[in-house]
Amino acid sequence: MKLKALKTAVVVGLGISSLTGCMGQMATTGLVSKFNLEIVDNRYAREGMFLLLSPVYGLTGTVDLFIFNAIEFWTGTNPISGKSPAVVDMPTKNYIKVNGQLDPALKNVPLSSNVEIDNATMMQIDENTMQMDISYIDGTTKQLRGVKGENDVAFYVNDQYVTTVSNQELEQYVQAANI
């Protein structure tokens with residue numbers, strides 16, 4: 001029973017993390033790559049540096065995936081590179097088109113703002129709730145929250161309901177992503 005509860009908690013946590021927008025510019029990792037390429041001009045030496053820096057790449061990749069890319073997703077701007085639009089908002093050739101069927105609120109950056117982010121923190125409120133608090137330089141704040149129910153997770157922005165995703169959908173996502 002405890003193993004199933006732990007597995008469900010991991011699935012929900014990963015699901016919440018994935019829904020915060022892990023796809024992004026990977027700007028911190030890009031800085032490490034730039035550093036790696038600027039150290040030496042030889043391809044074999046660069047590969048050697050890459051191997052030596054592999055723990056750094058792993059750390060920066062994780063930080064990008066779960067912190068900076070999440071901020072990029074919700075705000076539309078990567079806090080490290082300062083570039084926007086977010087990768088998920090860049091126009092591309094698409095094979096599946098869904099935007100025409102969605103509410104307009106689901107097509108825009110939820111926390112877009114002309115002000116810069118001062119601080120963003122993610123925390124577990126209780127055994128069923130994860131929350132990201134974002135503070136802007138101008139003093140305004142926004143709050144993202146995921147609340148686990150019996151069979152699903154409900155997502156809110158500033159206490160306004162956004163969507164609900166079933167635990168089964170989250171588990172299918174984790175299986176499909178091979179997490």
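What share of the contacts in the protein chain with a separation of 6 or more comes from residues 24 or more positions apart? The answer is 42%, where contact means heavy atoms within 4.5 Å. Some notes to go with the model follow.

1. A word on the basis. This is a predicted model, in which local features need pLDDT of at least 70 and side-chain atom pairs count only at pLDDT 80 or more, while totals for chains, interfaces and linings use all residues. Residues are numbered from 1 along each chain as its sequence is written, and side-chain values use heavy atoms, with hydrogens and water left out.

2. Overall layout. The protein chain has five helices and five strands, taken as DSSP runs numbered from the N terminus (helices H or I, at least four residues; strands E, at least two). Their order from the N terminus is α-α-α-α-β-β-β-β-β-α.

3. Surface and burial. The accessible surface of the protein chain is about 12,000 Å², and carbon and sulfur atoms hold 57% of that; areas come from the Shrake-Rupley method with a 1.4 Å probe, and for residues only the protein chains shown count as cover. Of the 179 residues, 27% count as buried (buried is under 20% relative accessible area, exposed over 50%, partly exposed in between).

4. The core. Ala70, Trp74, Met132, Ile134, Tyr136, Leu144 and Val157 make up the largest nonpolar core, that is, a set of buried Ala, Val, Leu, Ile, Met, Phe, Trp, Tyr and Cys residues joined through side-chain atoms within 4.5 Å. Both α4 and β2 (129-136) supply at least two of its residues, and β2 gives the most, with three.

5. Thr129, also in β2. Thr129 lies in strand β2 and counts as buried because its relative accessibility is 10%. Beyond its neighbours within four places in sequence, Thr129 is in contact with Met123, Gln124, Arg145, Gly146 and Val147.

6. Strands β4 (residues 152-157) and β5 (residues 160-166) run antiparallel and are joined by six bridges; two strands pair if DSSP finds at least two bridges between them. Phe155 has Thr163 in β5 as its bridge partner. Two residues separate the strands of this hairpin, and Asn158 in the turn has a positive phi of about 50 degrees.

7. Tyr95, Ile96, Val98, Leu102, Leu106 and Val162 form a nonpolar surface patch of about 640 Å². Leu102 sits in the loop between α4 (54-75) and β1 (117-126), and counts as partly exposed because its relative accessible area is 33%.

Notes
Patches are made of residues with over 30% relative accessible area and no salt bridge: like charges are joined within 9 Å, nonpolar side chains (Val, Leu, Ile, Met, Phe, Trp, Tyr) within 5 Å. A salt bridge is a side-chain nitrogen of Lys or Arg within 4 Å of a carboxyl oxygen of Asp or Glu. Buried means under 20% relative accessible area, exposed over 50%, partly exposed in between (1.4 Å probe, protein chains only).
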